[in-house]
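Me: Hi! I'd like to talk through a structure with you. Could you take a look with me?

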Amino acid sequence: MTKWKNKARPNATARVAYGYKPSEDDPLVLVPDDSVTPYIEQSFEYLDEGHSLRQTAEWLTREVGRKISHQGLSKIWKEHRQGSEKTQ
């Protein structure tokens, strides 16, 4: 499983990143949403197996109930998969 790091946002009304939720202690800190990240991890496996970004994004939208575009999924996938490869 990929390590999900906390993120920050500039103000409390800024968009919440996909797979994250505001921290209960500080609304400017975004923490991984444990109800969503397993589905995102599973979508990474689908992509690694050769499924298309569009199909996987549609599946993820159905499973989670929050829309994500294929471009958004691609960005997250690259950040977590390729980013983790660079640090190894």
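Predicted model: local features only at pLDDT ≥ 70, side-chain atom pairs only at ≥ 80, totals over all residues.

Me: Thanks. How many helices and strands does the chain have?
Reply: There are three helices and three strands. Going along the sequence, the pattern is β-β-β-α-α-α.

Me: And in what order do the strands sit in the sheet?
Reply: The order is β1-β3-β2, in an open sheet with antiparallel pairing. β1 (7-8) and β2 (20-22) are at the edges with a single partner strand each, so one side of each has no neighbour in the sheet.

Me: How many bridges hold β2 and β3 together?
Reply: Three bridges, in the antiparallel sense, with β3 covering residues 29-32. Lys 21 stands opposite Val 31 in β3, and Pro 22 has Leu 30 of β3 as its bridge partner.

Me: What about β1 and β3, how many bridges there?
Reply: Two bridges join them, and these strands run antiparallel. On that side of the sheet, Ala 8 stands opposite Val 29 in β3.

Me: Where do side chains point in a regular strand, as a rule?
Reply: They alternate between the two faces of the sheet.

Me: I was looking at Asn 6. Where is that one found?
Reply: Asn 6 is in the segment before β1. Setting aside neighbours within four places in sequence, Asn 6 is in contact with Tyr 20, Val 29, Leu 30, Val 31 and Pro 32. As for Lys 21, the C-alpha atoms of Asn 6 and Lys 21 are separated by 9.7 Å, with the two residues 15 apart along the chain.

Me: Which residues does Thr 56 touch?
Reply: Not counting residues up to four places away in sequence, Thr 56 touches Ser 43, Tyr 46, Leu 47, His 51 and Leu 73. Take Ser 43: from C-alpha to C-alpha, Thr 56 and Ser 43 are 6.1 Å apart in space, and they are 13 residues apart in sequence.

Me: Nice. And Pro 38, which helix is that in?
Reply: Pro 38 is in helix α1, residues 37-48. Pro 38 is partly exposed, at a relative accessible area of 40%.

Me: Now a loop residue. Where does Thr 13 sit?
Reply: Thr 13 is in the loop between β1 and β2. Thr 13 counts as exposed, because its relative accessibility is 74% and exposed means over 50%. The C-alpha atoms of Thr 13 and Arg 81 are separated by 29 Å, and the pair is 68 residues apart along the chain.

Me: Let's zoom out. How does the radius of gyration compare with that of a compact globule?
Reply: It agrees: a compact globule of 88 residues would have a radius of gyration near 12 Å, and the chain has 13 Å. Along the principal axes, the C-alpha atoms fill a box of roughly 40 × 35 × 20 Å.

Me: What share of the residues counts as buried?
Reply: Of the 88 residues, 33% count as buried. The accessible surface of the chain is about 5,900 Å², and 49% of that belongs to carbon and sulfur atoms.

Me: And the contacts, what share joins residues at least 24 apart?
Reply: That share is 38%, taken among contacts between residues at least 6 apart in sequence.

Me: Last one: how far apart are the mean positions of the positive and negative charges?
Reply: They are 7 Å apart, for 14 positive and 13 negative charges.

Methods
Residues numbered from 1 in each chain as written. Heavy atoms only, no water. Helix = DSSP H or I, 4+ residues; strand = E, 2+ residues; numbered from the N terminus. Rg over C-alpha atoms; globule rule 2.2 N^0.38 Å. Buried < 20%, exposed > 50% of the residue type's maximum accessible area, 1.4 Å probe, protein only. Contact = heavy atoms within 4.5 Å. Areas by Shrake-Rupley, 256 points an atom, 1.4 Å probe, with all protein chains shown as cover. Lys, Arg positive; Asp, Glu negative; His and termini not counted. Charge placed at Lys NZ, Arg CZ, Asp CG, Glu CD. Pairing = 2+ DSSP bridges.
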